[in-house]
Amino acid sequence: EAAKAELISAPSISPEGAEANDNCLPNVDADASELNAMDELLLSCFLQAAQAVTEKMLPMPINLFYANCMRPCRPAGTSLDVKRSSHKKLITFMRYLAHERQLCQLSEATQS
């Protein structure tokens, strides 16, 4: 059963302010450096995408936010893959941003 959620707010924040807490990334095991690199890339792309989102665009399903807003923010020649991060799933990453980092608000979307 896939969890569905919508991004309902993404405040205007500067990437510099958010990076001050980068030591709050979840604990990782085995390939820590690769996982940390993807976690940092996800966070960076989220911050860039959040600045481009307007109130008129919200609420937005998180899969569309990821595909249409976050992925275009990745550096050329890189891939953005939440499965290769410590979060493993998009919903886990977005909940981390909402609850641990308080960078956005989510609402659980009704399944149709």
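**Helix packing and side-chain pairs**

Modeller: In this predicted model, the axes of H3 and H4 come within 10 Å and cross at roughly 85°.

Colleague: Is H3 roughly parallel or roughly perpendicular to H4?

Modeller: The axes of H3 and H4 cross at roughly 85°. Angles of 65 to 115 degrees count as roughly perpendicular. H3 is therefore, relative to H4, roughly perpendicular.

Colleague: Which residues of H4 meet H3?

Modeller: On the H3 side, the contact is made by Ile62, Asn63, Phe65, Tyr66 and Met70. The residues of this contact divide into eight nonpolar, one polar and no charged. Their partners in H4 are Leu90, Ile91, Phe93 and Met94.

Colleague: Which residues of helix H4 are buried?

Modeller: Helix H4 covers residues 90-100, and a residue counts as buried under 20% relative accessible area. The buried residues of H4 are Leu90, Ile91, Phe93, Met94, Tyr96, Leu97 and Ala98.

Colleague: At what angle do the axes of helix H2 and helix H3 cross?

Modeller: Helix H2 spans residues 32-52 and helix H3 residues 62-70, and their axes come within 10 Å. H2 is roughly perpendicular to H3. The crossing angle is roughly 85°.

Colleague: How many nonpolar residues does the contact of H2 with H3 hold?

Modeller: From H2, Leu42, Cys45, Phe46, Ala49 and Ala50 meet Phe65, Tyr66, Cys69 and Met70 in H3. This contact has no polar and no charged residues. The number of nonpolar residues is nine.

Colleague: What kind of aromatic pair do phenylalanine 46 and phenylalanine 65 form?

Modeller: Phenylalanine 46 lies in helix H2 and phenylalanine 65 in helix H3, so the pair ties together parts that are 19 residues apart in sequence. Both of these phenylalanines are buried. Their rings are 5.7 Å centre to centre, with 65° between the planes. Planes over 60 degrees apart count as edge-to-face, and the pair is accordingly edge-to-face.

Colleague: Where does glutamate 108 lie?

Modeller: The side chain of glutamate 108 meets that of arginine 95 in a salt bridge of 3.4 Å, N to O. Arginine 95 lies in helix H4, 13 residues apart in sequence from glutamate 108. Glutamate 108 itself lies in strand S3.

Methods. Residues numbered from 1 in each chain as written. Predicted model: local features only at pLDDT ≥ 70, side-chain atom pairs only at ≥ 80, totals over all residues. Heavy atoms only, no water. Buried < 20%, exposed > 50% of the residue type's maximum accessible area, 1.4 Å probe, protein only. Helix = DSSP H or I, 4+ residues; strand = E, 2+ residues; numbered from the N terminus. Axes fitted to C-alpha atoms, helices over the stretch in contact; angles between N-to-C directions. Parallel < 35°, antiparallel > 145°, perpendicular 65-115°, else oblique. Contact = heavy atoms within 4.5 Å. Nonpolar A, V, L, I, M, F, W, Y, C, P; charged D, E, K, R; others polar. Phe/Tyr/Trp six-rings, centres within 6.5 Å; stacked < 30°, edge-to-face > 60°. Salt bridge = Lys/Arg side-chain N within 4 Å of Asp/Glu carboxyl O.
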